[in-house]
Structures are given as structure tokens and as C-alpha cells.
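Dear colleague,

Please find the structure below, handed over for your study.

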Amino acid sequence: MSRRAFGGTSRTLLAGFLMALAAVASARDSLSADQFGKRSLRTPVPMDAFAPSADAGPARHDVSGQLRFGGPVRSRTHVADPDFVSRPERALARSLPDDLVLDLVHDGVHVLPAQRGPMAGKHGWWQWLFEPGQAWSEPGDGGRTRVALPFALVQRNANCTHNGMLMFLVGDGGVVSPVAVQVGGETCQYLQMDLWGLLPARFTPGRAANHAAIADAAAAERDRRLPTQPLQAVSQRWPAVDVAALAIGDDRARTRHGLVVDGVHFTSGCDTRLGPYPACDRLTLPSFSVAKTAVAAVALMRLEKRYPGLASTPLRALSEGSGCRSDAWAGVRLVDLLDMATGHYDDPAYMADEDAGKVAAFFGARTHALKLAFACEAYARREAPGRRWVYHTSDTYLLGAALDQALAKRTAGSARDVFDDVLLPDVFEPLGLSQTARYTRRTEDPAAQPFFGWGQFLRADDVAKLARFLGQARGDAGAGPVLDARLLDEAMQRVPGAGGLQAAHLENYRYQHGVWARELGAQLGCKEPLWVPFLSGFGGITVALFPNGVAWYSFADDGRLASIDFAGPAREVAKIRPLCASAAG
């Protein structure tokens, strides 16, 4: 039996842990045992109803087993962009996948979903993604055990992430109440909605064959989180910093933001329309195009360190069976794909190609063959590669496919999936990234091709670790650098004269090796230009890697400039450590 198995921790320690968790919880005036006996949940409840009450005690039952639930829910839509979400799709989004089957591992306080990452299903819009929860008992529950799990509804074949909680009661013999589910926040520009309901459920007690391994992996993940402090603590250490200025844009659009200084993660709370999210440390965040750096750029830099010269390999040498074998792709190297400088485009204006109607065929395609055909054939060759930046997610997808082929050739076929065979063992595992971050969207066919340019899911701790890894740690995952130093230094604006291509007409923005950069010297009063590298994702996601070793991030979804402009946070970061003198040139 695992040392962390149910019952292996003393009831006194469990009670103390639960009392600490309950400090922020309200009295049990919502989701009471009586409410679970009703047929429906007529209105949403405060999110703190999914946290332990002040008089909570240790769980009375081992709730390891298989949970099944499904049924209709209530909803209300806040924003739906018809360019992204048609009326039929909006109606589909108001339903949940039917008859979910979820295996649970109970490890004392913690309740762990055996299935991690998005769960495949037949629903046309949603997939479930579950995070570890907890179990406890309350005096008013008639001797039953109460279970709460954080979850996200994630859009199929896409990255929109709607965060929610579920709760149910389990009694002797596995007798289970209906499951209360509720969603009250998201990171999704084009669909924002509340969703709630009481769903019929069945529970079958029993332990999974890999019970101990799941419990041990979860415990190791918890142990490896970066030290955290509330964001307000920043002003205690650096009194000149205005913590309020670290939050940009509309409060209603922002999911979470934070700061990483010398390995300490200062983080905000997680507000929703229905109150603070009760499992903030396990909130699921979407990557969107942050994956162009965290997945695609890191993959090429890692493989370049393993196989020097790979980044300069011609694409045509790695494009068997695709339209990229044509003469139009002559001279295009793998690094040109990462730089989005292939010379192939329709319109070089800023985001014109990416926002054009025809790109829906690429994002909507569910097979590798269809995505690859678009990436190779959708845009004519206009000029030589390496001269002009034109934003194409299809270029990053194409890079992922080419890297898989390159890996297979260099390993004689023993490894052929860069995400699973390179990124996971060489980077993500040494960094201690969560199980959530170790999955990515893939095509829904036997190829199961990773998207590379989007599709990863993260927690705030993952964001902080990746920012520190790329910035202050210079690609050191714990046992020495694992990335090619030249490519990383160029991407991080550390090499004078090698800052990358201008981003269309935006004079103060560059793009280099999957990483954006913004010139902030004039706004900060520096005597010389100050180029700040940053990661960017659709809707309002920014991770800024300041050259003074501090990182700042914000996840929002209104798509407005105010939710993207990080000049304000930069001024505060400069109060922690000077920025102007940190510029590489």
C-alpha cells in the first residue's frame, strides 16, 4: 500500500488541514444535504459553496471508485461572437457531454481524477478536463462524505477553457447524491457563460489498479510547486511597487495574473462572476498561442541542442507525402517556420491572413492530412524566406510535423513524437510541470499529431516555471541547460543586432524564434532601446520575461489593448530591479 494511501495520515493532521482549507469557506447555507435531495438547482450558488464549511471534518468514507453522471443543465450566455459561435453552436454549448465516466482515487484528503487532460467524447463542443479535488464530512450531511472537484469544460479541437466545480455526497455502500455542477468563469473571448445544474449520478466503489502510482504522482506534483505568496506581499518586500498596477484591463475579463521573482511566485486570486474560485491553485488556463513558445520554440531549441544544425534543415527534406515537397518551398528552413518567415502569404498586413475566413478550414480540420494540406498549399510563395514576418499558426503546425519526421529519422524510428518523446522527458518533467501541462490538443485521427501552435493547458504554477526557465534560468531545467543557447539568446533579445523581424507595420514589436518582443525603453525613460521578450495568446494572454530576471503574466479574454499593454506592469517591475541597464541592445 502506498504511504499516501487513504488512512495513512492521522485523522488529527487531516482535521488540521481541512480546518485551514475551511478558513475562507462560508457556512453551509448553499448546497446543503437537503438541496442535494431536490431535482434541480434553480439558480447558481456562490462559488464558495464548493469549499468545506467552517465545521468540516475528515472524510468518513474512502471515495475511490467510478463516478458516472450526466443530464440537462441551466445556462445563461454573457457574450457570444457570431463570427466564432453560431446560434446552433451556442445551443450545443448549453449542453454537457452525456454519461461521463470518471475514475477517482482517494488519498486521504485529496480526490484525484485518474483521467488527466481533455477527455475524448462525442459531444460536438465540449470535453471535460478534471483537476484534483478533496473530500471531507460536515455535521449536516447525515454521516456521508462530501466530495468537490475542480473541472474545466474545454472546447473540442480548440483552447477555450470554462472553469467550474462539481460536488456530490457519498454514503455507505457507495450510495451517491446527484452531482452539482457549476461554471462561472472562463478564458474565452467569443463565448462567456454561466452553467449550473443537479445531475443524476451513479457511484461504484473500488480502487484502480494504479491507485498508488496516481497518488504518488499527485503528491510529487504538489511537492514541486514553486513557493507562492499573495500578490499583495510584493509591496511588503518592495514598498515602492503599486500592486494594483500589476493588474491590467477590465477586471471582468481577467482570469488570473502574477509575478515571478527569484523563484517565488506572487499570484492573484481567481475571481469569477459567482465569487472567488475555491481551487485557485488548480485552475485550468488555456495556452492558445503561448504554446508557440512553450511547445514549438522549446521543441526546436531542444532538438537543435541534441542535433546541431537541425534548425537550418530544409523543410522539403522532411515533407514526404505533402505539398511542401513542391519547388515553392525551396530554401525554407525549419527555423523559418518558427519565425513565420516562409515567404508564403496572401496579405502581409498585420494578422490579415490569420483573421481571413479561409483559415477556419485549418482550425476546424480534425485530421492531420487536412491540416497539413492547408499548411502546405493555402498560401502562394511571394518572396524568398527569412525576409518578412506574416503570422500563420499553420506554419507552427507544419514545424511540429517536420520535427516529428526529423526525430524519427535520427532515432531510426524509436522515437517519433516530439511532444511525448522529447518535451516531456527532457523539459516538462525536469521542470515539474503539472499533469495538466503534459497533454496537448492533437488531431482526431490515427496520426494524433500535436497542434504545437496552440492546444496546451496550464496551471499558474506551470506558467511561472516556464517563464523562469526561459528567462532567468536561461533554459536550465535543473541539471544544466537543455536548449540551444544561440536560438534561446536570440529569442530573448540577448544578442545585439539579432533581434528578429519587425511584426508587420508595428515598429516597436519584433518576432524571433516563436517569441515576441516589445520596445519599452522610451516609455520607461531608458537612454537605450529596451526590448522585452514576451509570450502571447489569443484574447489577452501575456507572459512578459523582463531582462532584470522578473516575469509577469496575465490571462484575460476581452481582446482589448488595455488587457495586453504591459507597460504599466513594466514600470512596477523596474522598481524591484532596474530595467534600463538590463537591456542587451
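**Disulfides and their surroundings**

Cys188 is buried, with a relative accessible area of 1%; buried means under 20% relative accessible area, exposed over 50%, and partly exposed in between (1.4 Å probe, protein chains only). This is a predicted model, in which local features need pLDDT of at least 70 and side-chain atom pairs count only at pLDDT 80 or more, while totals for chains, interfaces and linings use all residues. Residues are numbered from 1 along each chain as its sequence is written, and side-chain values use heavy atoms, leaving out hydrogens and water.

A search of the whole structure finds four disulfides, a disulfide being a pair of cysteine sulfur atoms within 2.5 Å. One of them joins Cys160 and Cys188, with the sulfur atoms 2.1 Å apart. This link is right-handed, with 80° about the S-S bond. Cys160 is also buried, at a relative accessible area of 1%.

The backbone oxygen of Cys188 lies 3.3 Å from a polar side-chain atom of Gln192. Gln192 itself is buried, at 13% relative accessible area. Beyond its neighbours within four places in sequence, Gln192 is in contact (heavy atoms within 4.5 Å) with residues including Arg76, His162 and Asp557.

Another disulfide is formed by Cys526 and Cys580, whose sulfur atoms are 2.0 Å apart. The torsion about its S-S bond is about -80°, so this disulfide is left-handed. Cys526 is buried, with a relative accessible area of 14%, whereas Cys580 counts as partly exposed at 34%.

Yours sincerely

Notes: Polar contact = N/O pair within 3.5 Å; in protein donor to acceptor, adjacent residues only side chain to side chain.
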